[in-house]
Amino acid sequence: MALAHFPKVRLGHLPTPLEPMDRLSELLGGPRLWVKRDDCTGLSSGGNKTRKLEYLMAEAQAQGADTIITQGATQSNHARQTCAAAAKLGMDCHILLEDRTGSNDESYILSGNVLLDRLHGATVSKRAGGTDMNAEMDKLAEKLRGEGRKTYIIPGGGSNPTGALGYVNCARELVEQAQEMGLSIDALVHATGSSGTQAGLVTGLAALQSDIHLLGIGVRAPKEKQEQMVYDLAVRTAEHLGTGVTIEREKVRANCDYVGPGYGLPTPGMIEAVKLLARTEGLLFDPVYSGKGLDGLIDQIRKGYFDGMTNVVFLHTGGSVALFGYPETFDLHGYSD
């Protein structure tokens, strides 16, 4: 697949497990469900951004950077993993967090991922919702360069052609695991937001000429915008990969019916899905990405989207640390007698 030509630093525990979710499968009565455990990548409690950071941080090192700058929402899993990667590699890290929810709840703005950002030694600053975060990162980089620092900017979610290589590699890893297990995967489902994970998977599956049906469950943008973002980045990633693979527009699918009132804002379906997986499979999912992705998966099974399919894999993108930023959402206070 030509991935060996790109610099990469080992940050994750790979390959991540591919496990059945038989209790959930029995409960829903649809295809057999599996989970690809990218919550187990290991870096600062794990998550999907670690795969992207293996390529991004290697590129930063190759450019001689000593300071990393990135941005995300308040409870950004990407920010947490970037802070950890920078700490591991001996770099300074500056995080800009955009207030996308308007919440001033102390748990949300100080606990969960935000607490870990600071624990990893990052400088954390806040920006108002709707701020041009790319411009803010450029402004900070210019200031730091004036102080003699060598900066490397990582876009939100690590979603550029370099970061997407992590999920080109994940597609290869998943296909190889399935072959070793004698497992025929009909569909792969995951939460999609900044588009890097889905773009990488689209590109990887195209390069492998795999017929796995890929479906992203949107957590932020409307369907048309989400699919266009993914398609554009997949095309750029394929060009970056340099194998001549063609990205077919119809292979980019996003269902954005489960966003609810907005990014990072809870929905009843997300709450139900997170509780269900905790109580049937002992798995923890997050309220922003994977929880809404699960809501979509469960609802689409009930609506017959996967009828005729035998094995469906849900890609667990991690982020359970964010649960600590939403203590009121799940109404779990008090003790039993």
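Me: What is the volume of the largest pocket?

Reply: A pocket is an open set of points on a 1 Å grid over the protein atoms alone, where a 1.4 Å probe fits, with protein on both sides within 12 Å along at least five of seven lines. Volume is the space filled by probe spheres set on the points, which are joined across faces, edges and corners. Here the largest pocket comes to about 660 Å³.

Me: Which residues are closest to its centre?

Reply: Lining residues have an atom within 4 Å of a point. There are 31, and Gln71, Arg100, Gly156, Ser194 and Arg220 are the closest to the centre.

Me: What should I know about the model and its numbering?

Reply: It is predicted: local features need pLDDT of at least 70, side-chain atom pairs count only at pLDDT 80 or more, and totals for chains, interfaces and linings use all residues. Residues are numbered from 1 along each chain as its sequence is written, and side-chain values use heavy atoms, without hydrogens and water.

Me: Which element gives the largest share of the pocket lining?

Reply: Helices (H or I, at least four residues) and strands (E, at least two) are DSSP runs, numbered from the N terminus. α9 leads with seven residues.

Me: Is strand β10 covered on one face or both?

Reply: Buried means under 20% relative accessible area (1.4 Å probe, protein chains only). Both faces qualify: Asn311, Val313 and Leu315 are buried on one side, Val312, Phe314 and His316 on the other.

Me: How many bridges join β2 to β10?

Reply: Strands pair if DSSP finds at least two bridges between them. β2 and β10 run parallel, with six. Trp34 stands opposite Val313 in β10.

Note on methods. Buried < 20%, exposed > 50% of the residue type's maximum accessible area, 1.4 Å probe, protein only.
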